[in-house]
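I opened this one to follow a single helix and the charged pairs around it. My notes are below, in the order I looked things up.

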Amino acid sequence: MDELSLQSPTPAPGLPQRAQEPLVLDFVTVYRAEMPTLTRFVMKHGASPQEAADAAQEAFAQAYRSWDKIHHPSRWLRKVATRLYFRHRFCEDLPGDLPDSQMLVNFELSTEERLVYEALYELPLRQRQVMAWHYDGYSAQEIAEELGIGEAAVRQNLCRARARLQEIRCTPRGGA
């Protein structure tokens, strides 16, 4: 995503880059810029492409209703979309048939991306959350604020997640 499209024209000195988002951004511009990355962000938490797209879409629907009150759209959308995904994940399955998910998702994952998502899914939930925020360019301080944990806990989870991902990468697949 092009960060310049979401930045205020005169950034405040000393603030983290993400904290410089203007108070009100054009909804359509943010939707176009954030929808693909937001969907991938939710996928990093273990969602299928369709589940992630649904959560991202619902987050945008909620954002639209209170757009003038959202000060940091990127952060707000990530937090809400993740909550929506986990809320739906732990609810009972709805009766009836769902549409074919391949018809509803408009992007394809490369083999490398698919492997990354599979590896992330093997991490414990907190490590997966921290890695998802980290991969999207957030600092340890910002991640701590969003997840309601200390910066030391963020750094510890990042370290453990990286070590586990390294183990997964080095483990031969398919047995041997």
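I started at the end of helix 7: Gly-148, just after it, takes a positive phi of about 70°. Helices here are DSSP runs (H or I, at least four residues), strands are E runs of at least two, and both are numbered from the N terminus. A caution before going on: this is a predicted model, where local features need pLDDT of at least 70, side-chain atom pairs count only at pLDDT 80 or more, and totals for chains, interfaces and linings use all residues. I number residues from 1 along each chain as its sequence is written, and side-chain values use heavy atoms, with hydrogens and water left out.

Which residues of helix 7 are buried? In residues 140-147 I found Glu-142, Ile-143, Ala-144, Glu-146 and Leu-147. Buried means under 20% relative accessible area, exposed over 50%, and partly exposed in between (1.4 Å probe, protein chains only). The cover over these buried residues includes helix 3 (73-89), helix 6 (125-135) and helix 8 (151-170).

I counted a salt bridge when a side-chain nitrogen of Lys or Arg lies within 4 Å of a carboxyl oxygen of Asp or Glu. That rule gives 11 salt bridges.

Arg-75 pairs with Glu-145, with the closest N and O atoms 2.8 Å apart. This pair links distant parts of the chain, since Arg-75 sits in helix 3 and Glu-145 in helix 7, 70 residues apart. Arg-75 is buried at 8% relative accessible area, while Glu-145 is partly exposed at 45%.

Next I looked at Glu-146 and Lys-79, whose side chains meet in a salt bridge (3.4 Å, N to O). Again distant parts of the chain are linked: Glu-146 is in helix 7 and Lys-79 in helix 3, 67 residues apart. Glu-146 is buried, with a relative accessible area of 16%; Lys-79 comes out partly exposed at 25%.

Where does Arg-78 find its partner? I found Arg-78 in a salt bridge with Glu-34, the closest N and O atoms being 2.6 Å apart. Arg-78 belongs to helix 3 and Glu-34 to helix 1 (residues 27-43), so this pair too links distant parts of the chain, 44 residues apart.

**The whole chain**

I then stepped back and counted 8 helices and 0 strands. Of the 176 residues, 40% count as buried. Taking a contact as heavy atoms within 4.5 Å, I noted that residues 24 or more positions apart make up 67% of the chain's contacts with a separation of 6 or more.

**Confidence**

Last, I checked pLDDT, the predictor's confidence in each residue from 0 to 100. The chain's mean is 80, and 73% of its residues reach 70 or more. Residues 1-24 stay under 50, and the model has 40 contacts beyond four places in sequence for them. Residues 97-105 are also below 50, and this stretch has 5 contacts in the model beyond near neighbours in sequence.
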